[in-house]
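Colleague: I have a few questions about how the labels on this model were reached. Can we take them one by one?

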Amino acid sequence: MKIAIAGATGRMGRMLIEAVLSSPDAELVGALEHDTCQLLGEDAGAFLGKKTGVAITADITKALSGAEFLIDFTRPEGTMAHLAVAQKTGSKMIIGTTGLSPEQIAALKKAAENLAIVFAPNMSVGVNVTFKLLEIAAKMLNEGYDIEIIEAHHRHKVDAPSGTALRMGEVIADALGEKLDDVAVYAREGHTGERKPGSIGFATIRGGDIVGDHTVLFAGEGERIEISHKSSSRQSYAQGSLRAARFLKHQSSGLHDMQDVLGLRK
Ligand SMILES: NC(=O)C1=CN([C@@H]2O[C@H](COP(=O)(O)OP(=O)(O)OC[C@H]3O[C@@H](n4cnc5c(N)ncnc54)[C@H](OP(=O)(O)O)[C@@H]3O)[C@@H](O)[C@H]2O)C=CC1
Ligand SMILES: O=C(O)C1=N[C@H](C(=O)O)C[C@H](O)C1
C-alpha cells in the first residue's frame, strides 16, 4: 500500500509514519505539512533516525502523486483542503480528524460518491467494540438510569467534547430512539435546576499527556454502571488506520467508518 501521511510532524502523524515504516505491506510515499512548518524538506523519518527518501512537503499535489492512500489526522480545514486534491489524484482517504462541522461532513459524503473514504473519530479496535457495548447497555438500561459521558485528553487537544465522546452519545441516543441534538447537555454552570430526565450529559477534562479516556456512566437508584475505555498509547489509532487502508483496497467509493472496517455494523 503506497501511503501518504498528512500532519506528518504531529502527534498522530509521527505515530503513523512509524507504523507505516514497520508494516511489511505499507510504503511511505508522501509526508504533508502546512507551509509554516519548520521541518519542510527534512526526511519524514528523521525523528526516528531513519532515512525514508520522502521529504516533508507543503505541496499537496506532490505529496499525493503516487499515493493510493492518504491518512489524515490534522484539523478540519486541513482535511478539507487535502480532500479536494485527493479527489483529483484518486487517493483513498483515511480521516481521523475530529471537530468537523455538519457542512464539512456533508462535503465528505458528497466526495465519497466517487472516492473511498474511512472517516472515524476513533480508529482503535477497543473503542469501536465499546460502541457496541454501549448500544447493548443503553437498550437494557433505558429506564431509571441517567447517562453521563466523561472524557479526558491531553492539554493540547483543541476540540471538545472529543469526537469519540460525541459518537458515544450518538450511539446511545440512537439505541434509545432519540437524536443526540435533542437530548445532549454539553455544559452546566450556576443554578441549573434538577437534571432533565432523558438527557445525556457531557463532561470534559483537559490536562497533561492523557492520551484519551472515555467513561459512560449509567447512574440509577442504588447502583451505577460505568463502561470505560482508556488509551495509554496512540499505537492503536495508527494500527486501526492501517486496517482501514487494507479495507479500502477493496472499495471504490463510499463513506465508511471503523464499524465497517471491523465488521461490527449490525
Ligand atoms: N480518529 C482517531 O482515532 C484519532 C483522532 N485524532 C484527531 O486527529 C487530529 C490530530 O491530532 P494530533 O495528532 O494529536 O494533533 P497535532 O496537533 O499533534 O497534529 C496535527 C498536525 O496537523 C497539522 N495541521 C494543523 N492545521 C493544519 C492545516 N490547516 N492544514 C494542514 N495541516 C495542519 C499540524 O501542524 P502544526 O503543528 O504546524 O500546526 C500538525 O502537524 C485531531 O483532530 C484529533 O482529535 C487523534 C487521535 C486519534
Ligand atoms: O485529540 C486526541 O488526542 C484524540 N482525539 C480523538 C477524539 O476526539 O475522540 C480520539 C482520541 O480520543 C484521541
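**Reading the labels**

Modeller: Start with A63, which touches A4, G30, A31, L32 and T57, leaving aside residues up to four places away in sequence. This is a predicted model. A63 lies in helix α2, residues 60-64.

Colleague: Why is A63 called buried?

Modeller: A residue is buried if 20 or more other C-beta atoms lie within 10 Å of its own. A63 has 28 C-beta neighbours inside 10 Å, so A63 counts as buried.

Colleague: How far is the C-alpha of A63 from that of V29?

Modeller: They are separated by 7.4 Å, though 34 residues apart along the chain.

Colleague: What makes β3 and β12 edge strands?

Modeller: Take the sheet order: β3-β2-β1-β4-β5-β6-β12, seven strands in an open sheet with parallel pairing. β3 (56-57) and β12 (254-256) each have a single partner strand, so one side of each is left without a neighbour in the sheet.

Colleague: How do you know that β1 and β2 pair?

Modeller: Two strands pair if DSSP finds at least two bridges between them. Strand β1 (residues 2-6) and strand β2 (residues 27-32) have five bridges, in the parallel sense. I3 stands opposite L28 in β2. On this sheet packs α1, touching β1, β2 and β4 (69-72). The direction of α1 makes about 165° with that of β1.

Colleague: What is the strand order in the five-stranded sheet?

Modeller: The order is β8-β9-β7-β10-β11, an open sheet with mixed pairing. β8 (184-185) and β11 (224-231) each have a single partner strand, so one side of each lacks a neighbour in the sheet. Helix α5 (residues 125-140) packs on the sheet, touching β10 (212-219) and β11. The direction of α5 makes about 170° with that of β11.

Colleague: Which residue takes a positive phi in the hairpin of β10 and β11?

Modeller: G222, with phi near 80°. That hairpin has four residues between the strands. Most residues other than glycine have a negative phi.

Colleague: What is the omega of the peptide bond that joins A160 and P161?

Modeller: Omega is about -10°, and the bond is cis. Most peptide bonds are trans. P161 sits in the loop between β7 (146-153) and α6 (163-175).

Colleague: Why does T98 count as buried?

Modeller: The cut-off is 20 or more other C-beta atoms within 10 Å. T98 has 23 C-beta neighbours inside 10 Å, so T98 counts as buried. T98 is found in the loop between β5 (92-95) and α4 (102-111). Beyond residues up to four places away in sequence, T98 touches P121, D159, S162 and G163. From A58, T98 is 40 residues apart in sequence and 21 Å apart in space, C-alpha to C-alpha.

Colleague: Which residues are around ligand 2?

Modeller: T98 is one of them, with P121, N122, H153, K157, S162, G163, T164 and G212. By class, that shell has one nonpolar, seven polar and one charged.

Colleague: How many residues surround ligand 1?

Modeller: 24, and the closest are G7, G10, M12, G78 and G96. They divide into seven nonpolar, 13 polar and four charged. α1 (11-21) and α3 (76-89) each supply at least two residues of the shell. The largest share, three residues, comes from α1.

Colleague: How is the protein chain divided into domains?

Modeller: The domain assignment gives domain 1 (2-119 + 234-261) and domain 2 (125-231). The contact takes seven residues from domain 1 and eight residues from domain 2. On the domain 1 side, α8 (235-248) and α9 (258-261) are the elements that give two or more residues. That side has one nonpolar, five polar and one charged residues.

Colleague: And how far apart are the C-alpha centres of the two domains?

Modeller: The centres of domain 1 and domain 2 lie 29 Å apart.

Key. Residues are numbered from 1 along each chain as its sequence is written. Chains are lettered from A and ligands numbered from 1 in the order in which they are written. This is a predicted model: local features need pLDDT of at least 70, side-chain atom pairs count only at pLDDT 80 or more; totals for chains, interfaces and linings use all residues. A residue is near a molecule or strand if its C-beta atom, placed from the backbone, lies within 6 Å of it. Ala, Val, Leu, Ile, Met, Phe, Trp, Tyr, Cys and Pro count as nonpolar, Asp, Glu, Lys and Arg as charged, and the others, Gly among them, as polar. Domain bounds come from an automatic or database domain assignment. Two residues are in contact if their C-beta atoms, placed from the backbone, lie within 7 Å. Axes are lines fitted to C-alpha atoms, for helices over the stretch in contact, and angles run from 0 to 180 degrees between N-to-C directions. A residue is buried if 20 or more other C-beta atoms lie within 10 Å of its own, exposed if 12 or fewer, and partly exposed in between; C-beta atoms are placed from the backbone.
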